[in-house]
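Me: I am new to protein structures and would like to learn how to read one. Could you walk me through it, feature by feature?

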Amino acid sequence: MIRLKNEKQINGIRESCKLLSAMYRELIPLVKPGVQTIEIDQWVQKWIKKMEAKPVFLGYCPGGKRHDKVPYPAAICISINEEVIHGIPSKRRIKEGDLVSLDCGINLGGFISDQAVSIEAGKVSDEIKKLNRITNECLYKGIEAAKCGDRLLQISRAVEKHAKAEGYGIVEEFCGHGVGFALHEDPHVPNYPHGANPKMSNGWVIAIEPMINLGTGKVETLEDEWTIITADGKISAHWEHTIAFFGGKTEILTDPLEDLVF
């Protein structure tokens, strides 16, 4: 069931999104070669606590306590190179030329935000730079297709068309989603057209998040039960915005971060 939000609730989600983007603006310059990913997570936890908010990802378990999956142990997902999403922070150090994807959410007064960005650590290859740029463009192609009255899979078609034009693999097993009252709500927002295709309408809040790979779109899960990697070991990029529909218009609630990346 898609949970519609009224203007007051969208205002609350918007404030959460602005706070999350403000965190990224301070964090992104710190993500560079030599830094341990666990240090990034520690910084994020302190920053969110200082802002009197809560990290959504820390302790998150899909399906709630009845699920047998290990709760996610950090406040931010840090996925490097072939890691697509859900990478767990550790003592691993970022290296020159890595593509580092950050994904984080904040709970501010019960309102949830979600945003992801892929950061180029130092000087990266032209191949990685192009993948990152095209994945970011896929995100905005999807947002351009997000219009009240149109069907949801218009977003999926726009993302798929742009990624396929470059010969990239599209991750099919994971997708965007509704957000705002909880981290993951209906509807699913796939990056290729399949599944339910409801009309987008006022009151929707969704996260659009293309996960695009240099090679195959197929993925595997590591033994930690969380980290998703490309099946062929090639690089993956990930970008995400939270958007809302109201007054017949579409608004990006999270701030753009491209000026800090490209």
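Predicted model: local features only at pLDDT ≥ 70, side-chain atom pairs only at ≥ 80, totals over all residues.

Me: What is the volume of the largest cavity?

Reply: The volume is about 30 Å³. A search of the whole structure finds one cavity of 30 Å³ or more.

Me: How do the residues of that lining divide into nonpolar, polar and charged?

Reply: Four residues of the cavity lining are nonpolar, two are polar and three are charged.

Me: What about pockets? Which residues lie nearest the centre of the largest pocket?

Reply: A pocket, unlike a cavity, is an open set of points. Here 33 residues line the largest pocket, and those nearest its centre are His 86, Phe 174, Cys 175, His 177 and His 184. The volume of this pocket is about 660 Å³.

Me: Which strand gives the most to the lining of the largest pocket?

Reply: That is β8, with four residues. Both β7 (176-178) and β8 (185-189) supply at least two residues each. By class, the pocket lining has 15 nonpolar, nine polar and nine charged residues.

Me: Now for charges. How many salt bridges does the structure hold?

Reply: The general idea is that side chains of opposite charge can pair when their charged atoms come close. This structure holds nine salt bridges. One of them joins Arg 14 and Glu 251, whose closest N and O atoms are 2.9 Å apart. That pair links distant parts of the chain, since Arg 14 sits in helix α1 (residues 7-27) and Glu 251 in strand β15, 237 residues apart.

Me: Why is Arg 14 called buried?

Reply: Buried means under 20% relative accessible area, and Arg 14 counts as buried because its value is 16%.

Me: Where do Lys 130 and Glu 166 lie in the chain?

Reply: These two form another salt bridge, with closest N and O atoms 2.8 Å apart. Lys 130 is in helix α3 (residues 126-144), while Glu 166 is in the loop between α4 (153-164) and β6 (169-170), so the pair links parts of the chain 36 residues apart. Lys 130 is partly exposed at 34% relative accessibility, and Glu 166 is partly exposed at 32%.

Me: What separates Glu 160 and Lys 164 within helix α4?

Reply: About one helical turn, because they are four residues apart in that helix. Their side chains meet in a salt bridge (3.6 Å, N to O). Lys 164 is exposed, with a relative accessible area of 54%.

Me: Let's turn to strands. How do β14 and β15 pair?

Reply: As background, in a regular strand the side chains alternate between the two faces of the sheet. Here β14 (residues 241-246) and β15 (residues 249-252) pair in the antiparallel sense over four bridges. One example is Phe 245, whose bridge partner in β15 is Thr 250. The hairpin has two residues between the strands, and Gly 247 takes a positive phi near 60°.

Notes. Residues numbered from 1 in each chain as written. Heavy atoms only, no water. Pairing = 2+ DSSP bridges. 1 Å grid on protein atoms, 1.4 Å probe; cavity = no way out; pocket = protein on both sides within 12 Å on 5 of 7 lines; lining within 4 Å. Points joined across faces, edges and corners; volume = space filled by probe spheres on them. Nonpolar A, V, L, I, M, F, W, Y, C, P; charged D, E, K, R; others polar. Salt bridge = Lys/Arg side-chain N within 4 Å of Asp/Glu carboxyl O. Buried < 20%, exposed > 50% of the residue type's maximum accessible area, 1.4 Å probe, protein only.
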